[in-house]
Amino acid sequence: MKLSRRGFLKLTGTATAAATLTSLSLQGDSVVEASDYPVRLHYAEEVPTVCTFCGVGCGILNYVRDGVIVNAEGDPDNPINEGALCSKGSSIFNVSYIYNEKGKPVPNPNRLTKPLYRAPGSDHWEEKEWDWMMDTIAERIKDTRDRTFEEKDSNGVTVNRTQAIAWLGSAFCTNEENYLFHKIARAMGVINIDHCARL
Amino acid sequence: MLFPKATRALRKRGDETGGYILYSVFQQKVLDENKKCCKLYPGSKNLNTLLSVFYQAKEIFEKQNEDIFEQVDFKLSPKELKEKMRKSEILIPNAHIEGELVQTFLASICEELVKNNKDFEEPLKHLQASVKDFLAEKNDIFPQSQLPVLVEKIVEETLLERDFVTFLLIFIFSSLYYGPREDFIKELDTSLWEESFCPVCGESPHYGFLREEDGAKFLECWLCGTNWRYPRIKCPYCKTVDQKKLGFFTVGENEICRIYFCRECQKYYKIFNWKKYKGEEILVFMHHLHTLHFDKLALKEGFSPGSELKWVDKEDNGLVN
């Protein structure tokens, strides 16, 4: 162990000097150690997301503690809402909770956190990776489209369409996402396009 | 600025400019804020006497040296200022004060402290001697960049606590250097500034706040009091935007002060959430002084201050380092 100059000064310091130590300090005497002061640290992370309640697509900052969403507020850095949220958006974190028999909110055990897949004819869901899901969806859409694509109808009129696929937009997606859905559906020749809210 | 004539640090939250208020009014506001902070942060120390003594010393010194506190004209047009903000150029890159001035001001403060308590005489004499030695080594010039170095030297050589020494030196530097330049600083529009360091003096921030209206994060300079907006999910020190590496903790039931940290660079800074604190004007620096025990907890949790200015020691083991 090395005795520092400061340590030496303290060792040889007088009682007066020792008294000054606490007087010339900005901290309280017992700020951290005091038994009556609850030193419990609450860790949290800020996770940005997009509100799913309507097509505006407001930015939200979720506060996540131990993997559980404990609060949410508007994302001030999101240019769409600049920190503001409507009443539904403000309470969006409640979506991840259910109420137990005592009426207390607990994290919803049925909340989906991973992609689930149910194979044709199967009676159960299985977890899959996002990559697998995206590839499979793309392959099946392309396969269906290629098999059923009509360049001309029975009258010889050019139609370039498939009637085997229908595409449903969502009010939970943003306006921009729904715009893109529409574009991709049209590009593939899908003519059965609808939206649940029809905003 | 910590204790300026004008109210750079006392601006309404998030405003880019501030207005003048009378010196005495400002002093009263500081003391009022101190009182409020004592209630907000359990375990913090009432700094009323210390602040009053510092004010008293400054007032006396200012009367004797009026010319030093005269406003300095920077002669930069709004267009040039805007350009500097856009190019991320620090406005005052090499700030320094004459050593003699520092020593006179320090002597004035020490004199007032001793008047208040005779016990301070001996340690403050050591402090002044330590500063004198340091300035002699630096050719009687006190550059801003040497502020943390001088803190370390004094803490090592005297029995004074680190927080007090840091506060004292910041008070001296900001009063003598940035006080006279406040007219210029308060006109500065920081909305174009995207860097993590202070646009005026270039220091790394130690604390900031979340604006009450929308929760936007502002960092505030501990030396010149300038504040500027910074993204919520971005480390001001290593610039990581990986949300999994960023986080914060609060202490006990206190929801105002948050310690934000980055697991990438292991640095921390303090953010005061004004959504949880009502008041027309807020002196952020006061809240910082009253939450130094939070800094200690951050050190104990394994983080170090991103500002490189260590306000407190992890644990004062007293004799052996």
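Which residues in helix 2 of chain B meet which residues in helix 4 of chain B? The legends below begin with that contact.

**View 1. Helix 2 and helix 4 of chain B in contact.** This is a predicted model, in which local features need pLDDT of at least 70, side-chain atom pairs count only at pLDDT 80 or more, and totals for chains, interfaces and linings use all residues. Residues are numbered from 1 along each chain as its sequence is written, while chains are lettered from A and ligands numbered from 1 in the order in which they are written. From helix 2 of chain B come Thr49(B), Val53(B), Phe54(B), Gln56(B), Ala57(B), Ile60(B) and Phe61(B); from helix 4 of chain B come Phe105(B), Ser108(B), Ile109(B), Glu112(B), Leu113(B) and Asn116(B). Eight of the residues of this contact are nonpolar, four polar and one charged. Two residues are in contact if their C-beta atoms, placed from the backbone, lie within 7 Å. Ala, Val, Leu, Ile, Met, Phe, Trp, Tyr, Cys and Pro count as nonpolar, Asp, Glu, Lys and Arg as charged, and the others, Gly among them, as polar. Helices (H or I, at least four residues) and strands (E, at least two) are DSSP runs, numbered from the N terminus.

**View 2. The crossing of helix 2 and helix 4 of chain B.** Axes are lines fitted to C-alpha atoms, for helices over the stretch in contact, and angles run from 0 to 180 degrees between N-to-C directions.

**View 3. Helix 6 and helix 7 of chain B.** The axes of helix 6 (residues 147–157) and helix 7 (residues 162–178) come within 10 Å and cross at roughly 140 degrees. These helices are therefore oblique to each other. Leu147(B), Leu150(B), Val151(B), Ile154(B) and Val155(B) of helix 6 meet Arg162(B), Val165(B), Thr166(B), Leu169(B) and Phe173(B) of helix 7. Eight residues of the contact are nonpolar, one polar and one charged.

**View 4. Helix 4 of chain A and Thr148(A).** Chain A has five helices and 10 strands, and 13% of its 199 residues count as buried. Helix 4 (residues 130–148) has 19 residues that should span 27 Å at 1.5 Å a residue, which agrees with the 27 Å between its end C-alpha atoms; the expected span is 1.5 Å times one less than the number of residues. The number of buried residues in helix 4 of chain A is zero, so the helix lies largely in the open. A residue is buried if 20 or more other C-beta atoms lie within 10 Å of its own, exposed if 12 or fewer, and partly exposed in between. Thr148(A), with 13 C-beta neighbours inside 10 Å, counts as partly exposed. Beyond its neighbours within four places in sequence, Thr148(A) is in contact with Thr162(A), Gln163(A) and Ala164(A). The C-alpha atoms of Thr148(A) and Ala164(A) are separated by 6.4 Å.

**View 5. Positive phi at Asn160(A) and Gln266(B).** Most residues other than glycine have a negative phi. Asn160(A), in strand 9 (residues 158–169) of chain A, has a phi near 45 degrees. Gln266(B) has a phi near 65 degrees and sits in the loop between strand 7 (254–262) and strand 8 (267–273) of chain B.

How values were computed. A crossing is left-handed if the near helix is turned anticlockwise from the far one by less than a right angle, and right-handed if clockwise. Angles under 35 degrees count as roughly parallel, over 145 as roughly antiparallel, 65 to 115 as roughly perpendicular and the rest as oblique.
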